Amino acid sequence: MVTLHGEYNGWVILLSFIIALFVSYSALNLVYKISHSKGRVQLGWLLAGAFVMGSGVWTMHFVGMMAFHVGIPITYDIPITLLSVVASICASFVAFYLTRAKEINRLKLFVGGLVMGAGIVAMHYTGMASMHSPTMSIQYNPLIVILSAVIAVLTSCAALYLFIKFRDSNKASLSKWAAAALMGLAVCGMHYTGMGAASFWCGETAVTLLTEDIPINLFLLISVTLVTLLIMLVTWIAIYVDRTVLERMAFSDPLTGLANRHAMNRSFDDKLDPGHHYGLLFLDLDQFKIINDTLGHDIGDLLVQAVAKRLQSHENKGAQTYRLGGDEFLLVSKGMLRDEVEQLANRILEDIRKPYLLEGNELYITGSIGISLSPDHGTKRSSLLIAADTAMYQAKRRGKNQYCLYDEQMERQLIRRMELEKDLRIALMRDQFIIHYQPKWDASENRAIGVEALLRWNHPILGRIAPDEFIPIAEETGLIVPITRWVLGQACRDCFEWNENLEEPLSVSVNMSVSVFDSKNLEDMVTSALLHSGLEAALLELEITETIVMHNVEDVVAQLKPIREMGVIISMDDFGAGYSSLGSIDLIPFQTLKIDKLYMQQSDMPSKRAIIHTIIMLAKQLNLDVIAEGVETEQQIAFLQSAGCSWMQGFYFSKPMARADLDLWLQQSMLVSGRHTSQSLIG
């Protein structure tokens, strides 16, 4: 046997390095897509990445073998060659699969490098085994083979380390190209070390056939290279389209161009780094709905765009801006302490208050901001968003046009609210609700004319829950609809029972919610309550507020007309507390106006007295009855009677009372005669 001394073609070696360079760079780009995708999309990028990197590494290996010339014709066994390709793709799959984990320690890195290195070694020596010539055999130096395996493992560990380092970077940079060059050199180093482990032998009779004129198979070389480069080119195009088109569509808001909720979720998918200070500023515009409803959605869109541009100007100060939807925005600051975040909130509010000139309209709006801080209020996205949202609503409750920092008191209120919401869902079935009744008094005839049904909740553990606390929760959750159905039924039954013992029948009034109108069940509720109780329709009164009127005038009128035709009384509650009812009061079938108690509390002011006089005069001109709420003193009674209002309701006559107490109160009230008031009946 004679040893064959081969030679390398320098240009082909350079080509193999160029291929390794581009393969490594493609891998660094693909690892970003894999680590930032989920579900089937991630699996698709994982398989595509394994195929691109595996076939690229194999091409570099194959071109490197073709660079070696031993002077005899060599062919390649196709099945064995394909097996080497599969080994390379499997090794690449392991590499990309490991980058999916959020955290990778040194042990995982080494084990992954060991498995990946074993795959590369298998690819290399399987590819070498595919070299075939009837006059040639290959022998290996065990020490150099071991050295090539060690290099393969170290190269794989280094590649995994670079994958992890660059998996959050989707932009081209010199550092990424440098990392790709190092990976390319390492891959080439392993390959040519493995080539150095091989010695080629042929029989003495074949020596005479040796020649240096056997050319490189350019067709095979160029074909393999072009196919690999084409695969990488297609991959780069796919990454570019995904990054510049699909990703922009998925992660940017089409109206403002800001990052959207999906981008926000991606930015801090699970936890924020506890080693850094973050501030979340949840912004909601205060007057946006009014502008949208009065000037139209086109102007509303222009306003949102204008606000977005002003918010973007604060990104240079360290805040990333997201539009969550509608008129809600989120700004995330990094590295700012509490005072700096509050200063940023003040600057944003000041910027938003500046006028907007849109389509000839000069608009003024304000904003409410809720602030949560990490790690002070947690490190998870969900808890920080809830905290910021809670603080924002607190800012609105405090009068809007301000910011509010989340604190422990809000947290306690939030926990209590969640508990109440949970218990509210079972309160009705467990008979925890009761109805209290507050009488309405006719001062001119010195007698009760009706009562108002007021809902109360006796919580088995927390005791009496104030209506101001649980009614808003019932409104938001939709539970107010079945609760109102129950109140209507119970109030009608009680009214029927107490009127059996009265010469002058007393009506009962029940407050309605806008959610009841939205449910389209109002007529069914009223019909069912009257039918099952036997109460006359004229003794039932429904009280609706100006908020309900503002909600949808046409729909409210359509639902009230059949109820009014039954004979049910309709009254407007808290008249004067809103700003919309004057324009629609003649459209809605009201029979009664209830003057808001705020006016009675300030009835010593001349301006409030003038407004009360005006409301009473307006009611008379429209042939409506009028009743004043919140009456507490004899002076208020005298003033109302002089103004022409004799129907009253308030603590002066009685506080709200349970049904049993109401029966006793009614018995006592029938004994009252010859007096202008019934102060002796105060409950």
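Me: Before anything else, what counts as a disulfide when I look at a structure?

Reply: A disulfide is a pair of cysteine sulfur atoms within 2.5 Å. In general terms, a disulfide is a covalent bond between the sulfur atoms of two cysteines. Keep in mind that this model is predicted.

Me: OK, and how many disulfides does that rule give here?

Reply: The count comes to zero. Take C495: the nearest cysteine sulfur belongs to C492 and sits 7.1 Å away, so with a cut-off of 2.5 Å, C495 is in no disulfide.

Me: Is C495 buried or exposed? And what about C90?

Reply: C495 is buried, with a relative accessible area of 0%. C90 has 45% relative accessibility, so C90 counts as partly exposed.

Me: Let's zoom out. How many helices and strands are there, and what share of the residues is buried?

Reply: You'll find 24 helices and 23 strands. The protein has 683 residues, and 48% of them count as buried.

Me: How do I check a helix, say α22? What length should I expect?

Reply: Count 1.5 Å a residue. Helix α22 has 16 residues, 606-621, so α22 should span 22 Å; the C-alpha atoms at its ends are 23 Å apart, which agrees.

Me: Which residues of α22 are buried, and which exposed ones does the face turned away carry?

Reply: K608, I612, I615, I616 and A619 are the buried ones in α22. Those residues cover an arc of only 95 degrees around the axis, so they lie on the same side of α22. Turned away from that buried side is a face with the exposed residues P606, T614, M617, K620 and Q621.

Me: What do the buried residues of α22 pack against?

Reply: Their partners are β20 (569-575), β21 (592-595), α21 (597-601), β22 (625-628) and α23 (634-643). Just after α22, look at N623, which takes a positive phi of about 60 degrees.

Me: Now for cores. Which residues in the largest nonpolar core touch the most other members?

Reply: First the general idea: in soluble globular proteins, nonpolar side chains tend to be buried together. In this model the largest nonpolar core has 81 residues, and W498, V508, M512, L540 and L542 touch the most other members. Helix α16 (residues 480-499) gives the most to this core, with nine residues.

Me: What is L540 in contact with, leaving aside neighbours within four places in sequence?

Reply: L540 is in contact with several residues, including L488, C492, V508, V526 and V568. There's also a second, separate core of 31 residues, with I291, M336, L349 and L363 among them.

Notes
Residues numbered from 1 in each chain as written. Predicted model: local features only at pLDDT ≥ 70, side-chain atom pairs only at ≥ 80, totals over all residues. Heavy atoms only, no water. Helix = DSSP H or I, 4+ residues; strand = E, 2+ residues; numbered from the N terminus. Buried < 20%, exposed > 50% of the residue type's maximum accessible area, 1.4 Å probe, protein only. Expected span 1.5 Å × (residues − 1). Arc of directions from axis to C-beta. Contact = heavy atoms within 4.5 Å. Core = buried A, V, L, I, M, F, W, Y, C linked by side-chain atoms within 4.5 Å.
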